[in-house]
Amino acid sequence: MKYLEKIQSLLPLGYIYLIILGLLKETILFYPLGINILKYSSITDILISPISDMISNPILILMVLSVVLLFFLIQVLFVKYSHTNLVQKILKSYRMNPDLDKRELRKAMIPAFVILAGFELLALFVGLGIGQGEKIKQRLETQTLKHNYILTNGSGEKSPVYLIDINSIYYFYVKKDEKQIKIAPVSSIGHLEVIKRN
């Protein structure tokens, strides 16, 4: 029961962490494109951003799971070999008592590994934002973006576009043979059609 209460007390910190991840990733992604994404986003968009990135990208899901499993495996190995000199030195450097019994040592190590996993995820999302933003900017300048949708606006006009992103309020896209990023309210777009690649 105490364990559940502890998890519930940490949930608000988890939400704050998700917001920070979303803010950093979205801001860093759109910064090279000259867009202040915070002016065009709701708090829900920012909160959902890291989750939607993970769900839409299987490689990212695997990377996140790998990070969590890696830290879990390290924790298991540290507990199992806590009697060795190397592990004792590492634990002492993190101000942990290596003489605790295995169950207590496991409990003592959880906060340190949660913080390390959090930093790893932060680095992953910041790197993702930098990489995507610079890649889109470079392809925009050289006009090598592969258009991935046919966009139909409210008046029925169809255009091939490269869709950068969508949130609950706006579409961010580039029309074929243009370098200018368009920001259109969701209400002004009729529908999108995926361009199938052979």
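The protein has five helices and five strands, where helices (H or I, at least four residues) and strands (E, at least two) are DSSP runs numbered from the N terminus. The structure is a predicted model, in which local features need pLDDT of at least 70 and side-chain atom pairs count only at pLDDT 80 or more, while totals for chains, interfaces and linings use all residues. Residues are numbered from 1 along each chain as its sequence is written, and side-chain values use heavy atoms, with hydrogens and water left out.

Read along the sequence, the elements follow the pattern α-α-α-α-α-β-β-β-β-β. Of the 198 residues of the protein, 31% count as buried; here buried means under 20% relative accessible area, exposed means over 50%, and partly exposed lies in between, with a 1.4 Å probe and protein chains only.

Aromatic side chains were examined next. Rings of Phe, Tyr and Trp (its six-membered ring) are taken to pair if their centres lie within 6.5 Å, and planes under 30 degrees apart count as stacked, over 60 as edge-to-face and the rest as tilted. By this rule the count comes to four aromatic pairs. In one of them, the rings of Y40 and F172 have centres 6.0 Å apart and planes at 90 degrees, so the pair is edge-to-face. Because Y40 lies in the loop between α1 (2–30) and α2 (43–56) and F172 lies in strand β3 (residues 170–175), this pair ties together parts that are 132 residues apart in sequence. Y40 counts as partly exposed, at 25% relative accessibility, whereas F172, at 0% relative accessibility, counts as buried. The rings of Y170 and F172 have their centres 6.5 Å apart and their planes at 55 degrees, and the pair is therefore tilted. Y170 is partly exposed, with a relative accessible area of 23%. Ring pairs link F30, Y40, Y170 and F172 into a cluster.

R103 is found in helix α5 and counts as exposed because its relative accessibility is 60%.

A search of the whole structure finds two salt bridges, a salt bridge being a side-chain nitrogen of Lys or Arg within 4 Å of a carboxyl oxygen of Asp or Glu. One is formed by E26 with K25, the closest N and O atoms being 3.5 Å apart, and both of these residues are buried. In the other, the side chains of E178 and K182 meet at 3.5 Å, N to O. E178 is partly exposed, with a relative accessible area of 30%, and K182 is also partly exposed, with a relative accessible area of 29%.

Backbone geometry was considered last. Most residues other than glycine have a negative phi. Q143, however, has a positive phi near 55 degrees and is not a glycine; Q143 is found in the loop between α5 and β1 (149–153) and counts as partly exposed at 43% relative accessibility. D177 likewise has a positive phi, of about 65 degrees, although D177 is not a glycine. The place of D177 is in the loop between β3 and β4 (181–185), and at 64% relative accessibility D177 counts as exposed.
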